[in-house]
Structures are given as structure tokens and as C-alpha cells.
Amino acid sequence: MRKLFFWKLRQREIKLGERTVLMGVLNVTPDSFSDGGKFVDPDRAFARALELEELGADIVDIGAESTRPGSARISAAEEIRRLIPVLKRLKGQLSVPISVDTYKAEVAERALELGVEIINDPSGLTFEPQLARVVSNHDAGLVLNHMRGRPETWSKLAPIPDPMGTIARDLDAAISRARRVGIDRTRMVLDPGLGFGKRKEQNALILGSLGALAPLEMPILVGPSRKQFLAHATADETRFATAAAVTAAILNGAHIVRVHDVKEMRAAADVADEILRQRPER
């Protein structure tokens with residue numbers, strides 16, 4: 001079985017390890033790689049968040065800036081303009097916690113003031129280290145994602161010579177940055193960052209080698225959903241490929257999976273969880 005953790009958020013604690021936790025994706029961006037533009041309208045985004053919870057999401061993760069390969073950065077003001085109307089509508093409307101996907105301290109501050117409980121930093125505190133202070137001040141949960149380079153430069157990066165060693169060292173450094181401002185380890189989750197500056201074949205290696213992160217003694221989140229390394233000719237085929245990646249992640253130790261297709265991935269995760277439960281003790 002996976003090691004059990006208790007992830008402390010602002011208003012609750014989530015038990016990780018007995019059952020895979022699903023983080024449902026809600027992009028309020030015009031340019032995300034799979035669903036850009038679908039939920040830019042705050043009313044549609046609000047309805048989608050409620051739907052994600054109804055479909056089985058344990059966390060709703062809202063992003064207002066795309067980090068697809070080749071994407072350009074936007075200002076904090078623009079990110080806030082996209083995000084805040086949705087958060088205002090959602091305040092007090094969900095029974096599951098809301099996460100916001102941002103690396104900007106200013107955006108995180110506004111989001112946390114509106115009841116958000118988790119900040120999912122795609123940069124692992126490398127873009128704006130002051131984000132950690134904001135998270136600490138609000139006693140929020142923090143996801144530290146491994147990113148290599150920046151989205152606008154990913155296509156030019158060479159393969160990582162030692163992917164898992166590099167990811168483990170970089171995430172350990174991110175933990176240290178968070179700890180220096182007083183964020184307790186019980187508030188953090190690690191994400192190896194599938195697709196975030198890694199070559200296609202290296203993403204498969206990461207999925208099969210999540211055990212290399214075990215020495216960090218932290219819960220693991222993996223986000224394979226609809227990533228380019230899983231892309232097929234049709235949406236259905238890509239969804240099946242995502243289910244395979246989700247299953248592999250869980251069997252290799254992931255506590256949380258970040259997905260777009262919550263209902264379908266809940267079915268895949270339930271099977272993977274049962275396989276884990278039936279594994280003989282080693």
C-alpha cells in the first residue's frame with residue numbers, strides 16, 4: 001500500500017493513501033491546450049466546478065494562465081481578472097476544497113482571501129519565491145510542481161540526463177524554500193511535473209519511477225491528463241491513454257491524480273486502488 005499522509009489545509013485535513021484523491025481541472029483560460037475557451041465565462045466556469053464535484057472530484061483545481069508548451073506569461077492583473085469572478089461565485093458553494101494553479105504571489109493572495117485552500121505552484125517556488133510567504137500566512141496547502149525551464153523554451157531543451165535524480169533534488173530544494181518561511185511539511189504535496197520541460201519518452205520513465213521520490217517522505221500528485229505525450233488521433237483514444245497513465249501513476253505510488261475527465265478517471269482509479277489493496281505485503 002501507499003504510505004498514508006494527512007494533508008493539512010486551511011479548514012480541513014485530507015487523508016491520502018487509502019483511496020486515490022481526484023483533483024478535477026477547471027481552466028478559465030482562452031488558450032489551454034485541451035479546453036481553452038470553454039469556461040472563460042464565469043457562469044459556465046461556476047457550473048463546471050459544481051459538475052466536477054458531482055462527478056466525483058475531491059478537489060477542484062482552477063487555472064487562469066495556460067502553461068501549455070510555447071505559451072507566453074500573462075500579468076497578475078489579467079490572471080486576477082479571469083479568476084476572481086469565478087471564485088466569488090464559488091465561495092461557499094462547494095463542499096470540496098478549491099485549489100488555484102498559480103505561481104504569482106499577488107494572485108495567490110487574492111485567491112486565498114476568497115476561500116481557496118490550496119495553491120498549486122507550477123514552478124515549485126522558482127518563479128516567485130515570495131509566494132511561499134503568502135501560503136504560510138494563510139495556512140494553506142501547497143503543491144510543489146517540478147518545472148524545467150519555462151513553457152516558452154521547452155521545445156529547445158535537451159533531454160534530462162538523470163530525470164528522477166534531477167526531479168528529486170529540485171523538489172527537495174523546493175521543500176527547503178517552503179520550510180524556510182514556516183510552511184510545515186504536512187501542508188505540502190509534490191508533483192514531478194509530467195510534460196513540464198521533459199521529453200516525451202521521459203514522461204513514461206517518470207510514471208514508472210515514482211518510487212524514486214519516496215525518500216522525500218511526501219505525498220505525490222501526478223497530472224497526466226490529456227498531456228501531449230499521450231495525445232492520439234481522437235479525444236476518446238486520448239482519454240483511454242490518460243486512463244492508462246493514471247493507473248500506472250497510482251500503482252507506482254501517486255496519492256492524487258489531476259484530471260479533466262473525472263467520472264472516467266474515477267473508474268480507472270477505483271480499479272487501481274483495488275489492485276493496490278490486494279497486493280501482498282512485501
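1. Helix 7 passes helix 8 in a right-handed crossing, and this note on a predicted model begins with that pair. The axes of helix 7, residues 235–251, and helix 8, residues 262–278, come within 9 Å of each other and cross at roughly 30°. Since angles under 35 degrees count as roughly parallel, helix 7 and helix 8 are therefore described as roughly parallel to each other.

2. As for the residues that make up this contact, helix 7 contributes Arg 239, Thr 242, Ala 243, Val 246, Thr 247, Ile 250 and Leu 251, which meet Glu 264, Met 265, Ala 268, Ala 269, Ala 272, Asp 273, Ile 275 and Leu 276 of helix 8. Sorted by class, the residues of the contact of helix 7 with helix 8 comprise 10 nonpolar, 2 polar and 3 charged.

3. On the side of helix 1 the contact involves Pro 42, Asp 43, Ala 45, Phe 46 and Ala 49, while on the side of helix 2 it involves Pro 85, Val 86, Arg 89 and Leu 90. By class, the contact of helix 1 with helix 2 holds 7 nonpolar and 2 charged residues, with no polar ones.

4. Asp 101 belongs to strand 5, which covers residues 98–101. With a relative accessible area of 14%, Asp 101 is buried, because buried means under 20% relative accessible area. The side chain of Asp 101 is joined to that of Arg 258 by a polar contact of 3.4 Å. Leaving aside residues up to four places away in sequence, Asp 101 touches Asp 61, Ile 62, Gly 63, Ala 64, Glu 79, Asn 120, Pro 122 and Arg 258.

5. Two backbone angles deserve a look, given that most residues other than glycine have a negative phi. Asp 139, although not a glycine, has a positive phi of about 55°; Asp 139 is placed in the loop between helix 4 (131–137) and strand 7 (141–145), and at 42% relative accessibility Asp 139 counts as partly exposed.

6. Glu 217, likewise not a glycine, also has a positive phi of about 55°. Glu 217 lies in the loop between helix 6 (200–208) and strand 9 (221–222), and with a relative accessibility of 42% Glu 217 counts as partly exposed.

Conventions
Residues are numbered from 1 along each chain as its sequence is written. This is a predicted model: local features need pLDDT of at least 70, side-chain atom pairs count only at pLDDT 80 or more; totals for chains, interfaces and linings use all residues. Side-chain values use heavy atoms; hydrogens and water are left out. Axes are lines fitted to C-alpha atoms, for helices over the stretch in contact, and angles run from 0 to 180 degrees between N-to-C directions. Helices (H or I, at least four residues) and strands (E, at least two) are DSSP runs, numbered from the N terminus. Angles under 35 degrees count as roughly parallel, over 145 as roughly antiparallel, 65 to 115 as roughly perpendicular and the rest as oblique. A crossing is left-handed if the near helix is turned anticlockwise from the far one by less than a right angle, and right-handed if clockwise. Contact means heavy atoms within 4.5 Å. Ala, Val, Leu, Ile, Met, Phe, Trp, Tyr, Cys and Pro count as nonpolar, Asp, Glu, Lys and Arg as charged, and the others, Gly among them, as polar. Buried means under 20% relative accessible area, exposed over 50%, partly exposed in between (1.4 Å probe, protein chains only). A polar contact is a pair of N or O atoms within 3.5 Å; within protein, one must be able to donate a hydrogen and the other to accept it, and residues adjacent in sequence count only if both atoms are side-chain atoms.
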